[in-house]
Amino acid sequence: CQPCHGANGEGKAAIAKMYNVTMRPLGSKEVQARTDADIKKIVTTGNGKMKPVAGLADKQVDDVIAYVRTIK
């Protein structure tokens, strides 16, 4: 996640510009309003230009979701 979303989930402007996308900080109201199921789907199947994260066990995906929830 860090290469695009940054160490603190703030999103990297250069990556967003390169892909011509809006990258909201993971702590933003828009991201935090998503359900855990929504975030799980994004991580496992991708979203727009974001590719799915391969090779994660269910527990690891749950850990990613828990981490996203801490970035408010």
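This is a predicted model: local features need pLDDT of at least 70, side-chain atom pairs count only at pLDDT 80 or more; totals for chains, interfaces and linings use all residues.
Q: Is Cys-1 buried or exposed?
A: Cys-1 counts as exposed, because its relative accessibility is 61%. The cut-off for exposed is over 50%.

Q: What about Cys-4?
A: Cys-4 has 30% relative accessibility, so it counts as partly exposed.

Q: Moving on to His-5. Where does His-5 lie?
A: In helix 1, which covers residues 2–5.

Q: Buried or exposed?
A: His-5 is buried, at 18% relative accessibility. Buried means under 20%.

Q: What does His-5 touch?
A: Leave out residues up to four places away in sequence. Then His-5 touches Glu-10, Gly-11, Met-23, Leu-26 and Met-50.

Q: Where is Met-50 found?
A: In the loop between helix 4 and helix 5. Met-50 counts as partly exposed, with 29% relative accessibility.

Q: Which residues is Met-50 in contact with?
A: His-5, Ile-42 and Val-43, leaving aside neighbours within four places in sequence.

Q: How far is Met-50 from Asn-8?
A: Their C-alpha atoms are separated by 18 Å. Along the chain, Met-50 and Asn-8 are 42 residues apart.

Q: Let's do the helix pair. At what angle do helix 4 and helix 5 cross?
A: Roughly 120°. The axes come within 10 Å. Helix 4 spans residues 36–45 and helix 5 spans residues 58–70.

Q: What does that make the pair?
A: Helix 4 is oblique to helix 5.

Q: Left-handed or right-handed crossing?
A: Helix 4 passes helix 5 in a right-handed crossing.

Q: Which residues make the contact?
A: From helix 4: Asp-36, Ile-39, Lys-40, Val-43 and Thr-44. Helix 5 brings Asp-58, Val-61, Asp-62, Val-64, Ile-65, Val-68 and Arg-69.

Q: How do the residues of that contact divide?
A: Six are nonpolar, one is polar and five are charged.

Q: Let's pick out Asp-62. Where is its place, and what is its accessibility?
A: Asp-62 is in helix 5. Asp-62 counts as partly exposed, at 39% relative accessibility.

Q: How far apart are Asp-62 and Ala-37?
A: 9.9 Å in space, C-alpha to C-alpha. In sequence, Asp-62 and Ala-37 are 25 residues apart.

Q: And Ala-37, buried or exposed?
A: Ala-37 is exposed, with a relative accessible area of 56%. Ala-37 lies in helix 4.

Q: How far is Ala-37 from Cys-1?
A: The C-alpha atoms of Ala-37 and Cys-1 are separated by 18 Å.

Q: Last topic, backbone angles. What is the phi of Asn-20?
A: About 55°. Asn-20 has that positive phi although it is not a glycine.

Q: Where is Asn-20 found?
A: In the loop between helix 2 (13–19) and helix 3 (29–32). Asn-20 counts as exposed, at 67% relative accessibility.

Notes: Residues are numbered from 1 along each chain as its sequence is written. Side-chain values use heavy atoms; hydrogens and water are left out. Buried means under 20% relative accessible area, exposed over 50%, partly exposed in between (1.4 Å probe, protein chains only). Helices (H or I, at least four residues) and strands (E, at least two) are DSSP runs, numbered from the N terminus. Contact means heavy atoms within 4.5 Å. Axes are lines fitted to C-alpha atoms, for helices over the stretch in contact, and angles run from 0 to 180 degrees between N-to-C directions. Angles under 35 degrees count as roughly parallel, over 145 as roughly antiparallel, 65 to 115 as roughly perpendicular and the rest as oblique. A crossing is left-handed if the near helix is turned anticlockwise from the far one by less than a right angle, and right-handed if clockwise. Ala, Val, Leu, Ile, Met, Phe, Trp, Tyr, Cys and Pro count as nonpolar, Asp, Glu, Lys and Arg as charged, and the others, Gly among them, as polar.
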